[in-house]
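Subject: Structure handover and notes

Dear colleague,

I am passing on the structure that we talked about, together with some notes on what I found when I went through it.

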Amino acid sequence: MPPEALPLPGGLPPPLTDRPAKPPSESLHALRYLAWLCVMLPVLAYAGVGFYRYHRIAADTELRLDRALRVAHEHALKVLDTNDILLARVMDASGVEDAASLRAREPALHQQLQAMSRNRPQIQSIWIRDASGEAVATDRASPPPPEPGLADRGDVGWHLDHPGGLFVSDVMVGGESGTKFFDMSRGRRDREGRFLGVVSAGLTPAYFEKLHRDLVADEPGLALTMFREDGSILSRWPQLRNGPGRLAPDSPVMSRVRTGETAGAAHGVSSVDGRKRLLFFRKVGGYPIYIGTGMDTREIARRWLDEMAWLAAFGLPPLLGLYLAARAALRRTRDSLEAAQQLHTETVARRRVEEALVQAQKLEALGRLTGGVAHDFNNALMVISNNVALMKLKHPDTGGPQLESIGRAVGSATKLTRQLLAFSRRQALVPQVLRLQDQLPLVKDLLTPVLGSRVELAVDVAPDTQAILVDPAEFELALINLAINARDAMPGGGRFALRARNTHADQLPPLLQGAMVVIEVSDSGTGIAPDVLAKVFEPFFTTKPVGEGTGLGLSQVYGLCQRAGGTATVDSELGVGTTVRLFFPAAVGRAATAGDRGPALERHLDLTVLLAEDNDDVAGVLRQVLDAMGCKVTRYHRAQAAADHLAACAPNELPDVLLSDVVMPGEMDGMALALQVRRRHPEVRIVLMTGYAEQLEAIAQQGFTVLPKPCSAEMLAQALKGE
């Protein structure tokens, strides 16, 4: 702009000054603070939400614990009341007769006791015993069978010292049946108060454990225990192998029970399984029995971490995008202001007399600065919208909710965030140097939903592990295939571990040499039979039922290692687990590949393209990319429609390229369309796309150019040009 176009009021040119321009520190500081605020404010909000949600989850856990305790308590109270009524009926049946009189009518007593225990699954047995503990009558058999070791159950001596009391025994094992039970008993006395013996009814812990198992099934980390007031455990679920038979006197619950509390809550380490738990307990009516519930505090932390991980997954991308945008604006502003400062100084030195021109140049510099910053933001927003389409293309089933959530959170600025995320994506089917210390922890988030909540996932990478050269998408697919196999081998849950390290020459399989990296993938599943182990890498070999496995998962893993110059081995032991080792050559002396910056679009292809794609979203993305390359695009939803279009074209109207998906609805798919076009119109170049990796090799063997879905714009341009 000429200087005369910018006069001051009155027609005078702007005054010249030798003073340096105002330092840009204030603007730079403001932008720098903005960049940090983009991080700190969301982080503080995230921490506040995390604090609130942790206490909310803890409070909800207490409510669930209390609910489970009330259900178990009500059930136990009804069972014990029923059993106590049954003891009263047995007392009425035996009356105040002595042992000799009762033995005289033992067959009739046996019939009565059998009738009392019939249709009561909680009852293990009913006994009437004399003052010495010898059996007089029982519902088990007539005459009463001997039970070695159970003649004195501890109740006879107790009832001698506690007239009219109710005694609950330790858990015992029946002689012939082997059934675990505990007795409830009351003492028999004549009218003068002389001790005649005891009547007892055995209860099976399994009856209580059935309900407890159902309650625990809906609450991971929950444990239910029924115990006497002296700490002796009557039943517990989940059951523990070689667990203690009683609560420790100084345990969190027993410390409260010993002070006489009949209900309460405690927090501490359980003396039964050694885990830190939130504990609730309550006495069952007037019986010397308590019900306790305990929640593993690790389960509370796990639920909280799951929520915070999802929150971070949704909040981190826009946070990162805003921060990077502010940093970019800061850098661009600093560079532009420095240029303006230098321009001002040089202009004063060279053209002191042209005051109006100096002012014009300053205004022009500010205009370039403003336009440049606006241009950067517009470009970033445009790139973000392309990233939305790319994410929908790559993840049509799972990407939608995330994208919608981001859109609700940041509005129109969402496009910027999505494209910044795309910068960190890798182009598919391109070998890259991967640093496993960075890559494997990222894969952990990918494998967690595949394995499910019952499988523990661990990742361990040795600090000195060398980088490897491998296609990232195939590498992730291999780990997913191994995770799926491990999950199927652990239906009840287990452990899945990834370990990476450098390996020595004496640890390499035959025919491998040089610096190698091994990735060990192990599980604690059912293992593989020795006669099957040698066939696991064969294509289409699977031990899964029809419809549940293709037999291609491990063959893909083996093929990945082979193409990278390594190999794969497998070791397994039935009932112990399986370990698959992936060997890759170390990428010695090569730097790990940085994040993908996106391919440069070819803008001058000048081709006519016939696009056959049934998915509107995919077709929309392809049309935009092809339009950007300078192509003229005609799109059809079905392969048959594309074939009809070609049949109606004159020879000089045929498209240069047919770009078709392979899998499409209708009688004709993409493969059939390609074969027909090659037969009828050999001059039309054919490029097929498929999202199914198993189709790539079969299509390539037919002589067609095939692209995986999703593919980069650069790969698409090369395919369209026939390179």
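Please keep in mind throughout that this is a predicted model. The chain has 723 residues, of which 42% count as buried, and it contains 19 helices and 23 strands.

I started with an open sheet of 5 strands, which are arranged in the order β8-β7-β11-β10-β9 with antiparallel pairing. The edges are formed by β8 (233-237) and β9 (263-269), each of which pairs on one side only, and neighbouring strands of the sheet are turned by 20° against each other on average, direction ignored. In general, the strands of a sheet pair through backbone hydrogen bonds, in either a parallel or an antiparallel way. Here, β9 is joined by 7 bridges to β10 (residues 276-283), and these two strands run antiparallel, with V269 standing opposite K276 of β10.

Two helices lie across strands of this sheet. Helix α5 (residues 205-217) lies across β7 (222-228) and β8, and runs at about 30° to β8, whereas helix α7 (residues 297-350) lies across β9, β10 and β11 (289-296), and runs at about 35° to β11.

The loop between α5 and β7 holds E219, which counts as buried because its relative accessibility is 12%, and the cut-off for buried is under 20%. The side chain of E219 makes a polar contact of 3.2 Å with the side chain of R303. Leaving aside residues up to four places away in sequence, E219 touches R64, R67, M295 and R303.

**The largest cavity**

The structure holds 2 cavities of 30 Å³ or more, and the largest cavity has a volume of about 200 Å³. Its lining is made up of 18 residues, and those closest to the centre are T225, L247, V253, S270 and L279. Two or more lining residues come from each of β7, α6 (252-257), β10 and β11, and β7 gives the most, with 4 residues.

**Strand β6 and its partners**

Strand β6 (residues 195-203) is largely enclosed by the rest of the structure, because 9 of its 9 residues are buried. Strand β1 (residues 123-130) pairs with β6 in the antiparallel sense over 7 bridges, and the bridge partner of I123 in β6 is L203. Strand β5 (residues 180-189) also pairs with β6 in the antiparallel sense, over 8 bridges, and in this case R189 has F195 of β6 as its bridge partner. The hairpin of β5 and β6 has 5 residues between the strands, and in it G193 takes a positive phi near 90°.

Within β5, I would draw your attention to D183, which counts as buried at 1% relative accessibility. The C-alpha atoms of D183 and A201 are 5.6 Å apart in space, although the two residues are 18 residues apart in sequence. A polar atom of the D183 side chain lies 3.4 Å from the backbone nitrogen of G202. Not counting residues up to four places away in sequence, the residues that D183 touches include R153, F167, S200, A201 and G202.

**Backbone details to check**

Two cis peptide bonds are worth a look when you go through the loops. The bond from S142 to P143 is cis, with omega near -5°, and P143 is found in the loop between β2 (135-138) and α4 (155-161). The bond from W237 to P238 is also cis, with omega near 5°, and P238 lies in the loop between β8 and α6.

That loop between β8 and α6 is also the place of N242, which has a positive phi near 60° although it is a residue other than glycine; N242 is exposed, with a relative accessible area of 76%. D606, which is not a glycine either, has a positive phi of about 50°. This residue, D606, lies in the loop between β18 (577-585) and β19 (608-612), and counts as exposed at 66% relative accessibility.

With best wishes

Key: Residues are numbered from 1 along each chain as its sequence is written. This is a predicted model: local features need pLDDT of at least 70, side-chain atom pairs count only at pLDDT 80 or more; totals for chains, interfaces and linings use all residues. Side-chain values use heavy atoms; hydrogens and water are left out. Two strands pair if DSSP finds at least two bridges between them. Axes are lines fitted to C-alpha atoms, for helices over the stretch in contact, and angles run from 0 to 180 degrees between N-to-C directions. Contact means heavy atoms within 4.5 Å. Buried means under 20% relative accessible area, exposed over 50%, partly exposed in between (1.4 Å probe, protein chains only). A polar contact is a pair of N or O atoms within 3.5 Å; within protein, one must be able to donate a hydrogen and the other to accept it, and residues adjacent in sequence count only if both atoms are side-chain atoms. On a 1 Å grid over the protein atoms alone, a cavity is a set of points where a 1.4 Å probe fits but cannot get out, and a pocket is an open set with protein on both sides within 12 Å along at least five of seven lines; lining residues have an atom within 4 Å of a point. Grid points are joined across faces, edges and corners, and a volume is the space filled by probe spheres set on the points.
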